[in-house]
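Please look over the sequence and the model below before reading on, and keep both in view while you work through the report.

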Amino acid sequence: MCGRFAVTTDPALLAEKIKALDEATQTSTGAKSGPNFNVAPTQTITTVVKRHSEPDDQSTRRVRSMRWGLIPPWAKTAEDGSPDNKGPLLINARAEKVTDSPAFRNSAKSKRCLVPMDGWYEWRPNGEPGKKTPKTPFYMYGDDGELLFMAGLWSTWRPKGAPKDSPPLVSCTIITTDAAGPLAEIHDRMPLTISAPDWDRWLDPDAPVDEGLLRGHGDLDRIAIREVSTLVNNIRNNGPELIEPAEPQPEQGVLL
DNA sequence: CCAGACGTTGTT
DNA sequence: GTCTGG
DNA sequence: CCAGACGTTGTT
DNA sequence: GTCTGG
């Protein structure tokens, strides 16, 4: 799956790199600047969308800030005016379900996004299932040192009674699929990557979701894996040491 | 018709 | 154990 | 995803 | 919002 990741490219540079308008730095709630080696759920993250300036214009790529953890438009409003989040945080959405599930299907139609990152972390369970052996973290990244772009969905939410033109809370989720290749040794799910030639097709707000991309594995062949230290476990830790290779820890039980 | 749910992963 | 916070 | 918190009533 | 259950 994908529950923690690393980003070292700031939004302005990203926008330049992928020829997008930078709409991330203009808002007060933008992602914190500088490299972040420990991006966690509920934080503000940088995404890429395609939108129109005018209804009849061609859509253009835009870099935007969003809260990680999708809040459906129909989420209720709590007493303090925040969304009433019962149930789990929607940081991931299963590719197999996004077109049908009530929480995601509207976003799947016209609110698809990409979540750029240097790499992400997976924790491999060790020992017999059911026993509480510490998990081992791994870092998955592009073997060419370039960014990976994860398929995502986004949504807007306003408190009950708020004007239609008031600024909404914009949130997003990362789509997951079956793990394949070497990644399957670590975990049974992985984020859905989209390779550069497919970005525009994935993002097109005027076309239905592309089933081929949704069922594919995008940039799977670019992904490298290395074991890292448990420093990443605690989100207070944040530095380049989080992605440095660690001494392999034995995987117990399964191999016996 | 209205009321109520709507979601992930992992573990069992 | 289960929920919240980051 | 993992880490960390998790609490009442009454009195000051 | 939109679908399901009653």
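## Two loop residues

In which loop does Thr42 lie? In this predicted model, Thr42 is placed in the loop between strand S3 (36-39) and strand S4 (44-51). Its phi is near 80°, which is a positive value in a residue other than glycine. Most residues other than glycine have a negative phi. Thr42 counts as partly exposed because its relative accessibility is 42%.

Lys19 also has a positive phi, near 55°, and is likewise a residue other than glycine. Lys19 is found in the loop between helix H1 (11-18) and strand S2 (21-22), and, with a relative accessibility of 73%, Lys19 counts as exposed.

Which residues are found around DNA strand D? They are Met1, Gly3, Arg4, Pro41, Trp123, Lys135, Asn233, Asn234 and Arg236. Of the atoms of DNA strand D that come within 4 Å of the protein, 80% belong to sugar and phosphate. Sorted by class, the surface near DNA strand D has three nonpolar, three polar and three charged residues.

## Contacts with sugar or linking oxygens

For Asn234, an N or O atom of the side chain is 3.3 Å from a sugar or linking oxygen of DNA strand D. In the case of Asn233, it is a backbone N or O atom that lies 3.3 Å from a sugar or linking oxygen of DNA strand D.

Note on methods:
Residues numbered from 1 in each chain as written. Chains lettered and ligands numbered in written order. Predicted model: local features only at pLDDT ≥ 70, side-chain atom pairs only at ≥ 80, totals over all residues. Heavy atoms only, no water. Near = heavy atom within 4 Å. Polar contact = N/O pair within 3.5 Å; in protein donor to acceptor, adjacent residues only side chain to side chain. Nonpolar A, V, L, I, M, F, W, Y, C, P; charged D, E, K, R; others polar. Helix = DSSP H or I, 4+ residues; strand = E, 2+ residues; numbered from the N terminus. Buried < 20%, exposed > 50% of the residue type's maximum accessible area, 1.4 Å probe, protein only.
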